[in-house]
Amino acid sequence: MLKTFSLGGIHPAENKLSASSAIQVLPIPETVSIPISQHIGAPATPVVKKNDEVKVGQLIAKSSGFVSANIHSSVSGTVFKVDDIMDASGFRRTSIIIKVDGDEWMETIDRSEDLVKEISAGKEEIIKKIAEAGIVGLGGATFPAHVKLSVPPGKTAEVLIINAVECEPYLTSDHRVMLEKGDEVLVGTQILMKALGVDRAIVGIENNKPDAIAHLTKLAGNYKGIEICPLKTQYPQGGEKQLISATIKREIPSGALPIEVGAVVQNVGTALAVYEAVQKNKPLFERVATITGKSLKNPSNWKFRIGTPVKDLIDAAGGLPEDTGKIVGGGPMMGKALTTVDVPLTKGSSGLLLLPREEAVRKESKPCIRCGKCVSVCPMGLEPFLLMVLADKKAYERLESDAVMDCIECGSCSFTCPANRPLLDYIRLGKGKVGQIMRSRK
Amino acid sequence: MNTKVLVAPSPHVHSGDSIQKNMYGVVFAMLPALVFSFVYFGMGAIIVTLTAVASCYLFEFLISKYLLKKVPTITDGSALITGILLAFNVPANLPIWIILIGALVAIGIGKMTFGGLGNNVFNPALVGRVFLLISFPVQMTSWPKPLGFDTAYFDAQTGATPLALIKEGLKKGEPLSQLMHDVPGNMDLLMGNMGGSMGEVAGIALLLGLAYMLFKKIITWHIPVAVLGTVAVFSGILHMSNPEAYAGPLFHILTGGLLLGAIFMATDYVTSPMSNKGMIIYGIGIGLLTVIIRVFGAYPEGVSFAILIMNAFVPLINVYVKPKRFGEKRK
């Protein structure tokens, strides 16, 4: 029996259309728009102004607090303007727009492809380098990586868990990174282990990627303390709490962080970025994303410079299909629908999914038949049918006592509901309101 | 970009499951029992089924259109289930006019007064059945003998159900070992060769339906297993305490409406609890009440009453029995 998490879960159609397509390099666009807020936490403060010359990897916006992240230029050229433009969230946010001229990198960056296994940096230096490089969680949550590595006093990290689950249907960028950059990922894992002072790391991979499991298992023999852990394919295994439950059988109490059970989780893409930052002095200005969809000509994986328009990625894969009904930034379960293709790709862009119109339209919502399927699939052990009614009736006290804030918004309930009820929509509304009430109490 | 795109919150994909798929899945699971009832009771079973289904559809349509002034949603398949279950729960020679009253009570009082599908507290088919049982006790307890297509619809040859035989006999003080000679053997009970409501007799067909619903994940094992397990344990204990006064577990499981109730009526989505723990408590309640009514009550059969009583407890169970939350300390 393969391991998986303790409660609920679903198995949507995997549709990993681009799994066998090797990572290609997306051409550098003519202009890039780099938002100063691509992470959870305070937006960075711009340190360049109009007409400044910048190089690839140059700091253009500085972290403005502990939970914040540096932003670097992904191209060389001239700052055209610093202005509010619409980003993938649909809101207007401050971005630095750079006109591209050539491709001149900072001299400090080691551009060779040689694998550097020797980790010379010490614990403090590693965390400092990761913070300087602006690395955030690349699984999609974009939480600044150095924050998770700074273990609060009184707590001890026992194990590092690498999230290589990629449980979202369609997405394959982590899969390709493991196959093509396996050694770099494992060195990155060892760097993270050193930063945390742990001697054990577990790489959790779902068994729908047998080639990645085989490849990393073979390589892991050369690295001390790293175990490859195959997991049963089950959504939402990539959720931090679910992954910890699946790999080390510990459940994080409500409201607590992974460190409570001695674990720190980092994404496999983050491990690669950490390797590049620490061993090659390369800040985070490019990453890999999947462009996919059933009607798309060429579902594939691309390494892109941050700030590249979404449109360029679609064009590289054969252009927007005629029948496109929804453009999703991320996977189909937790991704965000975009209103336009003229928004920039950012640090959190793990993929782009083009859904055909007939799949994009929601079916009519019917009365709840109380089948209890939402309860049985909820990975947090909540009662989505009830939370929806409570949110609708504005019963915020009941919502709080029924643990609405535990919801990880994985969408398993809405996915499963035979009556097509918009369960998660209402739960999100309720969470927003309850969160507000809880903050005002402090 | 000229293409108009939709914007909505995640998730952006759906399992494709629907109310219809579940309802027609249940109907498909009831087909074996339906076929067996036709084979055992002939023309009568066909007349009863058609009348019950047609009248359930008709009453739901009329009530939603003219009383509730809503667009009728009879295509969801729930009226079909209520119709078939109502037919399953009555003798195969029940007069048409009584069936019509049953359907009106089932749909009208059991379901639509609460606001239609999803809102009813009690299983509609059972509301109809119990109403008929109390109002027309003679017609509702004259069971035609399973003679196949020789079973007449009018003036059929009737006989008692095994449960009634035992109950009457024990009342007169006859020992159980004696009475069991008049009851068909276990194999006959399993195959349904006995008197009873038209859909409840063929245990084997009902079990086939259960297997299908479990395989298709329409229902989970919790309720049927809890009901049957409780009946087996409780009647087993009684039987061991005095084998001459109490029938054994196998007899209790294979006779009367227990399998029909445990598989198709206690598992009704709308009127059963939401969490697995709740379902088990509910199932145990049904099992206990069934045996209590059968052994100590006035009626020889108690499944319908047991389910209806436990239906009333479902809102309470839903409030007090919560699923295990992630990260909760196990006590």
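Reader: Leaving aside neighbours within four places in sequence, which residues is V56(A) in contact with?
Author: In this predicted model, V56(A) sits in the loop between strand 4 (53-54) and strand 5 (59-62) of chain A. Leaving aside its neighbours within four places in sequence, its contacts are S73(A), S74(A), V75(A), S76(A), D103(A), E104(A), W105(A), M106(A) and F285(A).

Reader: Is V56(A) buried or exposed?
Author: A residue counts as buried if 20 or more other C-beta atoms lie within 10 Å of its own. V56(A) has 24 other C-beta atoms within 10 Å, so V56(A) is buried.

Reader: Which residues does the UniProt annotation "binding site" cover, and why do they gather at one spot?
Author: The annotation comes from an unreviewed UniProt entry and covers C378(A), C407(A), C410(A) and C413(A). They span 36 residues in sequence, yet they gather at one spot because no two of their C-alpha atoms are more than 10.7 Å apart.

Reader: Where does C407(A) lie, and what does it touch beyond four places in sequence?
Author: The loop between helix 12 (396-401) and helix 13 (412-416) of chain A holds C407(A). C407(A) has 20 C-beta neighbours inside 10 Å and therefore counts as buried. Not counting residues up to four places away in sequence, it touches M380(A), L382(A), I427(A) and K431(A).

Reader: Is C410(A) buried or exposed, and which residues does it touch?
Author: C410(A) lies in the loop between helix 12 and helix 13 of chain A. With 27 C-beta neighbours inside 10 Å, C410(A) counts as buried. Not counting residues up to four places away in sequence, C410(A) touches P236(A), G239(A), M333(A), M334(A) and P379(A).

Key: Residues are numbered from 1 along each chain as its sequence is written. Chains are lettered from A and ligands numbered from 1 in the order in which they are written. This is a predicted model: local features need pLDDT of at least 70, side-chain atom pairs count only at pLDDT 80 or more; totals for chains, interfaces and linings use all residues. UniProt positions are given in the numbering used here, feature names are shortened, and annotations may be inferred rather than shown by experiment. Helices (H or I, at least four residues) and strands (E, at least two) are DSSP runs, numbered from the N terminus. A residue is buried if 20 or more other C-beta atoms lie within 10 Å of its own, exposed if 12 or fewer, and partly exposed in between; C-beta atoms are placed from the backbone. Two residues are in contact if their C-beta atoms, placed from the backbone, lie within 7 Å.
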